[in-house]
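Visitor: Please show me the model. I would like to ask a few things about it.

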Amino acid sequence: MTAPETVPAAGTDWPPLVSLRQVTRTVRIVDLEELHVLRGIDLDIHPTDSLSIVGRSGSGKSTLLNLLGLLDLPTEGTLSFRGMDVRALGGDARARLRGGAIGFIFQQFNLLPGRTALENVMTPLLYAEGRQFWKREKLASAMLDRVGLGDRMREFPSNLSGGEQQRVAIARALVRTPELILADEPTGALDIETGAIVMELLDEVAAETGAALVTITHDANVAVRARTHYRLDAGVLRPEAAAA
Amino acid sequence: MTALIGAVIEAFSELRIHKTRVLLALLGVMLSVAALTSVVALGNMASAGMVQTSERMGGRAATLGVSTPSAGSDQAAVVAAYAEVVDRYSIEYSSLRVDTFLGIRTPAGRIDAMGLLIEPDYGTMRRMNVVDGRWFTDGDTERLAPVMIVNEAFHTLMGSPDITTDPGVELLGERDVKAVIVGILADDYSGAQPQAYLLKDQTDRWELAGVQGAPPTLEAWVPAGLADELTARITADLKAQFGPDVSVYRQDYAAQGDPYGGLTLVIGGVAGLVLLLGAVGLLNISMVTVKYRVREIGIRRSFGATSGRIFFGVMMESVVATSVAGVAGVMLAVAVVSHPRVQPMLAAGATDLPPFPIGAALLGVGSAIAVGALAGLIPALVAVRVKVIDAIRY
Ligand SMILES: Nc1ncnc2c1ncn2[C@@H]1O[C@H](COP(=O)(O)OP(=O)(O)OP(=O)(O)O)[C@@H](O)[C@H]1O
Ligand SMILES: [Mg+2]
């Protein structure tokens, strides 16, 4: 029944970028009571994958995304990134890996207040080395150009619309050309139309840079854009047939 | 390398964002640094002034006063014995000294002025800085006509003649001799008695009045570390020659330990307290800023900032800011201390006006940086402990 390891199945002819095996995440709330936020998660994400995760509020979506983003560690099971067990990495190594390989997009945009769009997009490059560090202004303005904000680079986030802010956030997430983009309800704070435009853009730039894209969403219209679909239900992850 | 530059860039951007808050805190740091630097500088300068005054009174550290009452009135033997002491112990600066009275003719009639018969080295040993004219040179010793240096009281008594006209003073003795005033010294205190300095070699030659009686004493400026040993040796040497009544003792202000050490300590204590207040103010502001920035720190971490980088960044911010404030504070202090209205208050009695002490300036900048590091340390520790997940959860 199992496919021989030496012959990769069609569409999965690369080793996975991220791989979760029987991952659980348990938090201790009051005293001895434990809350199983994630239970027995198995998931492989390959380069250039595009997948969506839907689920009710409190089902553990953000918790899963934090694990994928190396912001958190599993309670049990193994999580490997590029074949490395993340538990074996120190905090600094995880931070560097995160900076170079992962880009985050948040529902609330999370732009740094008081900094221009350009400075916001330059922020991740401050943690880079070599060319990315020294050419940070050029790289950041090119990225802002790409998301259609070339003429608003000196603007502060407070002067930008929600859609524009999220485009700045996309530019910031992609400026270090990560292999994995994690978007936690990227359209949650936008109206349907703007959300659609932003998702269109996100899909495009992710495809251009060859990054894998994981989108968490409540919105079925957003979910269908992905190639692979998952549902998280009370901490259990299941593949889902494409929703209508 | 890029991490360091990156952290400084972040620090500057952070400071720009929190302009008002930071400016207020920095104003506090700047003022404390200015206060610290001024207090230390003023203290240093004032005590330098006091030391100078003391040095004029009793010589520099360490000055040995040598006298030999039991030698009787055999001047030549005493002078020869002193010369031998100076030679034997390779004493670089020394001067014979005779305190006497000089009969002088003034426009108002004859008076007796205090006279000090000395050698040229005495000027260096006592920091005798002339306000007009010059001090004695070795060449003066050879000159036939006696030269003299007088204090301002004496100069006034003579009708304040212009020194460039080589004003003469008639010294009254068995033979009257005319001496030329070549230099004028400031009075030690206001209302000082008229006083004149003459070279002992010259007065010997002219057999001036009142000189013959007392044998001279010797003043020797020696390294402070050798003072005790030399005191013992010179005493022994002279006792062997002149009998028991020989005295050699330290006469400079530092003989009983540095009397200004206590002052320095008090000044240091006050300054430290002032700075501590500045640090607490800054710490308070930085703590508020960190709380406000938990979310931002979370965002930065999600884009790859290591915890070391976050720590360093918050710390750097504080240090960059206080360094700037420290330099500004030191400049303010220099401006205050060297203000023409402040200077004379410190320098009362000092002839070498002490310059702004570099040490105080360095202390000011250094302590500003230290305060920055200290005030940055606690917020930096708080910043590192920020849980990224909680920080970016809405
Ligand atoms: N550190 C924690 N301490 C206590 N409870 C936690 C912790 N982390 C997660 N939880 C709980 O686990 C559950 C899942 O949280 P999570 O944020 O992953 O949900 P979600 O699917 O992202 O929900 P939403 O759609 O509202 O964002 C929630 O009930 C949450 O309260
Ligand atoms: Mg969530």
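Guide: On a 1 Å grid over the protein atoms alone, a pocket is an open set of points where a 1.4 Å probe fits, with protein on both sides within 12 Å along at least five of seven lines. A molecule sits in a pocket if more than half of its atoms lie within 2 Å of its grid points. This is a predicted model, where local features need pLDDT of at least 70, side-chain atom pairs count only at pLDDT 80 or more, and totals for chains, interfaces and linings use all residues. Residues are numbered from 1 along each chain as its sequence is written, chains are lettered from A and ligands numbered from 1 in the order in which they are written, and side-chain values use heavy atoms, with hydrogens and water left out.

Visitor: Which pocket does ligand 1 sit in?
Guide: Ligand 1 lies between chains A and B. Its place is the largest pocket.

Visitor: Which element gives the largest share of the shell around ligand 1?
Guide: Helices (H or I, at least four residues) and strands (E, at least two) are DSSP runs, numbered from the N terminus. Two elements of chain A give two or more residues to this shell: strand E2 (34-45) and helix H1 (61-68). The largest share is 3 residues, and it comes from H1(A).

Visitor: How far is an oxygen atom of ligand 1 from the side chain of A:Ser57?
Guide: A polar contact is a pair of N or O atoms within 3.5 Å. A polar side-chain atom of A:Lys61 lies 2.7 Å from a ligand 1 oxygen. For an N or O atom in the side chain of A:Ser57, the distance to a ligand oxygen is 2.5 Å.

Visitor: How many bridges join E1 to E2 in chain A?
Guide: Strand E1 covers residues 18-28 and runs antiparallel to E2(A). A:Arg28 stands opposite A:Glu34 in E2(A). The number of bridges is 8.

Visitor: In chain B, which residue of E9(B) is the bridge partner of B:Leu64?
Guide: Strand E1 (residues 63-67) pairs with strand E9 (residues 217-221) of chain B in the antiparallel sense, over 4 bridges. In E9(B), the partner of B:Leu64 is B:Ala220.

Key: A residue is near a molecule or strand if one of its heavy atoms lies within 4 Å of it. A polar contact is a pair of N or O atoms within 3.5 Å; within protein, one must be able to donate a hydrogen and the other to accept it, and residues adjacent in sequence count only if both atoms are side-chain atoms. On a 1 Å grid over the protein atoms alone, a cavity is a set of points where a 1.4 Å probe fits but cannot get out, and a pocket is an open set with protein on both sides within 12 Å along at least five of seven lines; lining residues have an atom within 4 Å of a point. Two strands pair if DSSP finds at least two bridges between them.
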